[in-house]
Amino acid sequence: MADDTNSMDEDELEEEEAIDGVAHQKLINSLFALDGKKKKKQSVTLRTSNISNNLDMAIHASRDTLKIHPQDLKLKQKHVSAQLQKPLSALEMEKTKRKLARETVHSEMTKWEPVVNEIRSATQTAFSNRPHGLQMFQSMQPKSFTPRTPLEQEIYAALGKDESLVKQNQALSVAETKALKAMSVKEALARRAELMKHHTLLSRMELKAKRQKKIKSKRYRKVLQKERVAAEKKELEHLRQNDPDAFLQKIELMEKNRMEERLTLKHKGGGKFSRLHKAYSKFDDKSRDAIQAMLEKSKELTKKLESLCDEEEEEEEEVNIVKTVESTKTSDSFIDDQMVDSIIKGKFGQLKTSTNMWLNSTNQFQTASTSNSNADGKNPDIGTCHSVNTHTSSIDTYTDSLPLKVTENLSANSEQSLTAPDKKSQETSEKPKSSDVNVIKKTSVSKKQDKKKKMCNESNKADISKPVVFLESADQLTVNEDELKVTMEELFEDEDVVEEFSKEKAEMENKNVVKHESKLPGWGSWAGPDYKHIQEKRSKKRSQAKLKDQKVKKPYAPYVWINPNKDQGIRKLLPKSVPFPFSSVRQYELSVSQPVSRGLVPETATKLLTKPEVVTKLGHIIKPLNKEEYMSRKEDIDMEEIKTKSTEFRK
Amino acid sequence: MATVVRKKDFSLKVLSRNPENYRRETKLDIHKAPQNPESYLHPFAIEREYQRALNATKLERVFAKPFLCGLEGHRDNIECLAKFPTRLSHVLSAASDGEIRLWDLSTKKCISNVVAHDGLVRGMCAHRSGNFFLSCGQDANVKFWACSEEGHVTQEPVRTILNKHVYQSIDHHEKDDTFVTCGQSLDVWAGDRAQPYQSYTWGLDSMHYVKFNRIETHLLAVAADDRSIMLYDIRGGAGVQKLVMRMKTNAISWNPMQAYIFTAACDDYNLYTYDIRNLAMAANKHEDHIAAVMDVDYAPTGKEFATAGYDRAVRIFNAVEGHSRDVYTTKRMQRVNHILWSMDNKYILSGSDEMNVRLWKSKAAEKLGVLKPREKTAFNTAETLKRTFKDHPEIKRISRHRHLPKLIFSQRKELREIKEAQKRKESNRRFHSKPGAVPFQPERKKQIVELKD
């Protein structure tokens, strides 16, 4: 475009010069010759523009460079029409009018699109233009204050110009109108939302810091400590190389700290102080010595502890023997247990929890049994006491070999087993005796099936039999872990549980199987007034589909039976397909999963979640949208925008 | 053992609470019930809410009694109904014997009646000020009537315009002192002039329904006897567009909140919602009536509209949905010709052949009158629950269930079968002919014959 205009300017110049004389033409031609492109253009423009007036000159001008074409000489006839154009026919006129109207209507209506979209997508629309709260009318407004005394006048002169004062006959003060102009409600809301977001972020950080401060995990603290120590080390190294004075000061400070630390008795092992000193010991002989001394001390201590443990182990074995032999005195066993506890604490750190559980259970049992014995006078629980003690002994002896899990199981199971016969003993005094005997016998490896059956007949058969099995296995296994796992057949050897299950399973499966129709076609489908052709067809289709399903389904594991009809009742109440606006089941489930009722969510949340879609006021006329309200405002904004832009350009 | 020893100084520990925490101050207070909204304490929250939603839908059906009263007094068919833009309780109705009545809805009584025209009253509309109303009748007159604040109509018209031919419909401009009449031609009247200042014709057929756009107030939609809907802009000298459909349009209603949307009640049992920027295809098709739809009126919220059917039923549609959300019928109501939705979005009025104007609630189960805050929250919660669980089959079934007159029930079934058969036939034809020979045509385009520019 720019080039074109340039060339046009040049054309005009050229014209004038051509009139002046041919001499200039040469010069201009030579100028044009500098640029090949322009030359050609020149000739064209000459042809069109100058042909009528000074054709000769034009030809002369182009003689040097171009040949004269025949069309150069053709004169274009000027299109001069003396007549006025014929007016359009009425039909055509109307058509054009309509077209115009259509276009304007279209453009005007498209302006409404954002408004309509907003209305359609709004979650809540409130239809009330009625002003909220009180409204002051003119007659009720107080008279404006007029200063009289000089002091008042002075004050008024100082403050009266304040923008926040409301003047008479004006609803809003200057400051308020300014504020309104400066920010629309939408903007204000957006700003507020932003501030809120910032605030929540801050508070979240605060909370995080608080939470981190409260963490009690030793591991976490250790990691933190490590990081801190590493950083300090680095700093120290840095100081040593760059700033010896500061380094010395730091060392002094450390020494002071060390002394303070030393005054307290927290200096063994993993204290902050000792760890720091390990770092400093590279540079400080004294501290190195101190640490050495400390280490020796600790070694000594550990040595002593080992010897103690050995002694205690010996004791423990003795205790076990005592237990298995007699241990009728509960108090004795209690003391023994305590000792065992202490030993275990000393040696088997990792097994501590499980055995403790176990021990606790025995404690409970003992208290219970004593109370029982007090109440009954007889002593039906002695047997069980025996068994308990045997249990403990077995555990103690095999704790080395058994994995942690097994011992835990044991303790839990034994707890159950203990409580169960205990209850029984309260009811009848005879039965538990047999069971007790049972338990004892099982500890010795021999198996007598009839007695076992008795056991199983009792209500808590699983509870009781399990620990027994475990104990047996423990007896046998001592070393091999794999043999601990007992198959179902072994567990319920006498009962044929597996077979029973498979029988039941087959029965259930047969119930659910849809029978293939063996009737001949037409049989049973009677004609008549009540004959329903379509329904029958449907049911047939359904049954066939079911059959297909059965064929497709793969049989699952032989010891599992999943009831296919379990959720039938609920399934009836659930939607069969994903409803319209949702695209996936998960999405739909999420939409349903948010409770809204009072009591299930906080009160404010209920209010927010149950906002009605449409809010109308009683007895309030809802008027159609007012065009001026929407359009004029927008135009004003547009105008303001244009103004601001133009001012920016000027700057 | 330890417990046994301690048995002597045995002490019983009892919970003790401050009675203020659970006792209400007065008898009329709510019982204080401690609530903990932690979600883990309410493992069955969804199930409970489902049950609540189910109960709410059941209760809704129990309380769905939309019919409020019949306004009796006319001695002939109801010919038209009109509402005032500034008054809620006053409604106008006109009958075939030329009588106009003004009703007070709060007392459900006729305040005043005038014999306005010789013969049928064809059209009626209120003046924008609310102090006048206009009527046009079979006697080819257009008359202005004044009515007081209390609803008393002067026995003599304020002004009468005599015309050569009959006007079939009349409507007043939303803001200006302009009104429009249609019949042989579409005439726009302004101020006190005795002659229309603008007159439009497009084709030879007469026009029977005209309505002003309520937002872009210079726009007009007209229904003509040649099965067409025409758009006019009264600022210009000619029409804007003309849409010819397969069947006649009986009435048109503009959406009061969406400037470019209107809905047309059509003789082919359906309603069509159009976006005037694209008349080549309807924006929506609303079906459910089993006879011609005679009238349609938008709710002032623009979210719903009510329709009057020749099948003796009033239906209410959500503006964006294809099927009605509710249907109102009574045993004695005959063909419904006119419908109005009140300006406060609460009531619907229907005028039918058997000389009655009926007043309905716009929401069948809504409780009328002032609600207590607790009632309000309860209703809001119930509404939300119903909305969230609306797709569950049981709730859907209950909320959709309506007891319909036998005629409507069987007729609808029949129509459904007809439609299915047609579809089947079309698909069969498509299957057995050259690909592309039987094109797919969207349901919203089928009714359109021609779009004239």
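Trainee: What makes S10-S11-S12-S13 of chain B an open sheet, and which strands are its edges?

Mentor: This is a predicted model. The four strands run in the order S10-S11-S12-S13, with antiparallel pairing. Strand S10 (169–172) and strand S13 (198–200) of chain B are the edge strands, since each pairs on one side only. Neighbouring strands of this sheet are turned by 15 degrees against each other on average, direction ignored.

Trainee: How do you know that strand S11 and strand S12 of chain B pair?

Mentor: Count bridges. Two strands pair if DSSP finds at least two bridges between them. Strand S11 (residues 178–182) and strand S12 (residues 186–190) of chain B have five bridges. So they count as paired, in the antiparallel sense. Take one residue: Thr178(B) has Ala190(B) in S12(B) as its bridge partner.

Trainee: Why is H2(B) called roughly perpendicular to H3(B)?

Mentor: Start with the angle. H2(B) and H3(B) pack at about 105 degrees, and their axes are 8 Å apart. Angles of 65 to 115 degrees count as roughly perpendicular. The angle therefore makes H2(B) roughly perpendicular to H3(B).

Trainee: Why give both an angle and a distance?

Mentor: Because two packed helices are described by the angle between their axes and the distance between the axes.

Trainee: Which residues of H2(B) and H3(B) meet?

Mentor: From H2(B) come Glu49(B), Arg52(B), Ala53(B), Ala56(B) and Thr57(B). From H3(B) come Ala382(B), Leu385(B), Lys386(B) and Thr388(B). By class, this contact has four nonpolar, two polar and three charged residues.

Trainee: What makes up the contact with chain A on the side of chain B?

Mentor: The contact takes 46 residues from chain B and 47 residues from chain A. Helix H2 (45–63), strand S17 (239–245), helix H3 (373–388) and helix H4 (393–400) of chain B each supply at least two residues. H3(B) gives the largest share of that side, six residues. By class, the side of chain B has 20 nonpolar, 14 polar and twelve charged residues.

Trainee: Where does UniProt place the "repeat: WD" feature in chain B?

Mentor: The unreviewed entry places it at residues 71–113, 114–145, 286–318 and 329–370. Look at two of these spans. Residues 114–145 are 0% helix and 59% strand, with end C-alpha atoms 10 Å apart. Residues 286–318 are 0% helix and 55% strand, with end C-alpha atoms 9 Å apart.

Trainee: What confidence does the predictor give?

Mentor: Chain B has a mean pLDDT of 93, and 98% of its residues reach 70 or more. The complex gets an ipTM of 0.90 and a pTM of 0.61.

Methods
Residues numbered from 1 in each chain as written. Chains lettered and ligands numbered in written order. Predicted model: local features only at pLDDT ≥ 70, side-chain atom pairs only at ≥ 80, totals over all residues. pLDDT = per-residue confidence, 0-100. UniProt positions renumbered as here; feature names shortened; annotations may be inferred. Axes fitted to C-alpha atoms, helices over the stretch in contact; angles between N-to-C directions. Contact = placed C-beta atoms within 7 Å. Nonpolar A, V, L, I, M, F, W, Y, C, P; charged D, E, K, R; others polar. Parallel < 35°, antiparallel > 145°, perpendicular 65-115°, else oblique.
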